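Here are a few friendly notes to read alongside the model. Take the points in order, and keep the viewer open as you go.

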Amino acid sequence: MAASIVLLTGAGISAESGVRTFRDGDGLWEQHRLEDVATPEAFRRDPALVHRFYSERRRALAEVVPNAAHQALVRLEQAWPGEVLLVTQNVDDLHDRAGSRSLIHMHGELLKGRCTACGAVFAWPGAMGCDSQCPACGGVGRVRPHIVWFHELPMAMDRIYDALERCSLFAAIGTSGHVYPAAGFVEAVGPDTRTVELNLAPSLVASAFHELRTGRATDLVPAFVDELLAGL
Ligand code: APR
C-alpha cells in the first residue's frame, strides 16, 4: 500500500496570489475586526454587513489566480502513487482552479451559498444579500455564505481525522496555528508519521513538527514536491 499524504493549507499559500491573510496585516475590514464579522452573532445582528463583507471577497476572487504553490500540490496529487488529501482552511477557490481534486474546504467556500431554511448548498459566484432567494426551495432572505464561522463546526472532520491517523506524511503550509481544530492536526497523526511545516515564519505550533522549512510558499512548495517525487 503506497504511503498516503495529508496536506493542510492556510492563507499563506494564497498570499502570493494577492489574497490577504487574516493575521499578517491589521486583521481589519472596514474597521471591523474579522472576529466581529465572521460569526453567527454578527450575521444575526447585521446580516447586510456580513453579506457585504463576503460579497466583496467573492468579487475580489476574480482578480487573483493560483500560484506556483497551488500548482505544485496538483502535480503531487497527480504523480503520487498513494492517496493525497488536501485539507484547506481557505475559502478561496485557488486550489480548485489549480486543479486539486482530492480537496476538503474545512472552513467552507466563498463561491457557495447555503439555505438556512432547507439546508441546500449551491454555487453562488455573485453578490449575496438579505433579499437573496434560495435556488432550491425559493425561500427569500434565508441564504447565507457557505462559510464556517467562529463557534461553528468545521466540515468533514471525521474524514480528515481518519486520513490523519493513516498518513505517512503530514505537511502544513502557510497557516499560523492560531485556529483549532486545524492547528491540532499535527498532534492527531500516527507515531510514525513524518510532519513538516512550510511557512514564512514559524507558526504557533511549529515545535510540534519534526521539520520546519521557512520561506515563501511559491519557493518552498514546488521544491518540496520535487523532492517527494524524486524519492519515488
Ligand atoms: N508563504 C508562506 N507562508 C506565508 C506567506 C507566504 N508567502 N505569507 C504569509 N504566510 C504565513 C504566515 O506566516 C502565517 O503563518 O501564512 C500564515 C497566515 O496566517 P493566518 O492569517 O492566521 O491564516 P490561517 O492560518 O489560514 O488562519 C486560519 O483563521 O481567521 C480564521 O477561518 C480563518 O481559515 C482561517 C483560520
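1. The ligand takes up the space of the largest pocket. A molecule counts as sitting in a pocket or cavity if more than half of its atoms lie within 2 Å of its grid points. Please keep in mind that this is a predicted model, in which local features need pLDDT of at least 70 and side-chain atom pairs count only at pLDDT 80 or more, while totals for chains, interfaces and linings use all residues. Residues are numbered from 1 along each chain as its sequence is written, and side-chain values use heavy atoms, with hydrogens and water left out.

2. **The largest pocket.** This pocket holds about 880 Å³ of space. A pocket is an open set of points on a 1 Å grid over the protein atoms alone, with protein on both sides within 12 Å along at least five of seven lines, and its lining residues have an atom within 4 Å of a point. Its lining has 47 residues, and Ala-11, Phe-22, Arg-23, Thr-175 and Ser-176 lie nearest the centre. The elements giving two or more residues to that lining are α1 (12-15), α3 (47-61), β10 (194-199) and α7 (217-230). Helices (H or I, at least four residues) and strands (E, at least two) are DSSP runs, numbered from the N terminus.

3. The lining of the largest pocket divides into 26 nonpolar, 15 polar and 6 charged residues. Here Ala, Val, Leu, Ile, Met, Phe, Trp, Tyr, Cys and Pro count as nonpolar, Asp, Glu, Lys and Arg as charged, and the others, Gly among them, as polar.

4. **Around the ligand.** Which residues come nearest to the ligand? They are Ala-11, Phe-22, Arg-23, Ser-176 and Asn-199, out of 22 residues around the ligand (those with a heavy atom within 4 Å of it). By class, this shell has 8 nonpolar, 10 polar and 4 charged residues.

5. **Polar contacts.** Look for pairs of N or O atoms within 3.5 Å. An oxygen atom of the ligand is 2.8 Å from an N or O atom in the side chain of Thr-175, and a ligand oxygen lies 3.4 Å from a backbone N or O atom of Gly-12. A nitrogen atom of the ligand is 2.9 Å from a polar backbone atom of Ala-217. The protein covers 93% of the 730 Å² of accessible area that the ligand has on its own (Shrake-Rupley method, 1.4 Å probe).

6. **The second largest pocket.** About 480 Å³ of space lies here. Of its 21 lining residues, Gly-18, Val-19, Arg-20, Arg-57 and Ala-60 are closest to the centre. Both β2 (28-29) and α3 supply at least two residues, and α3 gives the most, with 5.

7. **One cavity.** The whole structure has 1 cavity of 30 Å³ or more, where a cavity is a set of grid points at which a 1.4 Å probe fits but cannot get out. The largest cavity has about 60 Å³ of space, and Leu-8, Ala-172, Thr-175, Val-205 and Phe-209 are the closest to its centre among 14 lining residues.

8. **Backbone details to check.** A cis peptide bond joins Tyr-180 and Pro-181, with omega of about 5°, and Pro-181 is in the loop between β9 (169-173) and β10. His-151, although not a glycine, has a positive phi of about 75°. You will find His-151 in the loop between β8 (143-147) and α6 (157-166).

How values were computed: Points joined across faces, edges and corners; volume = space filled by probe spheres on them. Polar contact = N/O pair within 3.5 Å; in protein donor to acceptor, adjacent residues only side chain to side chain.
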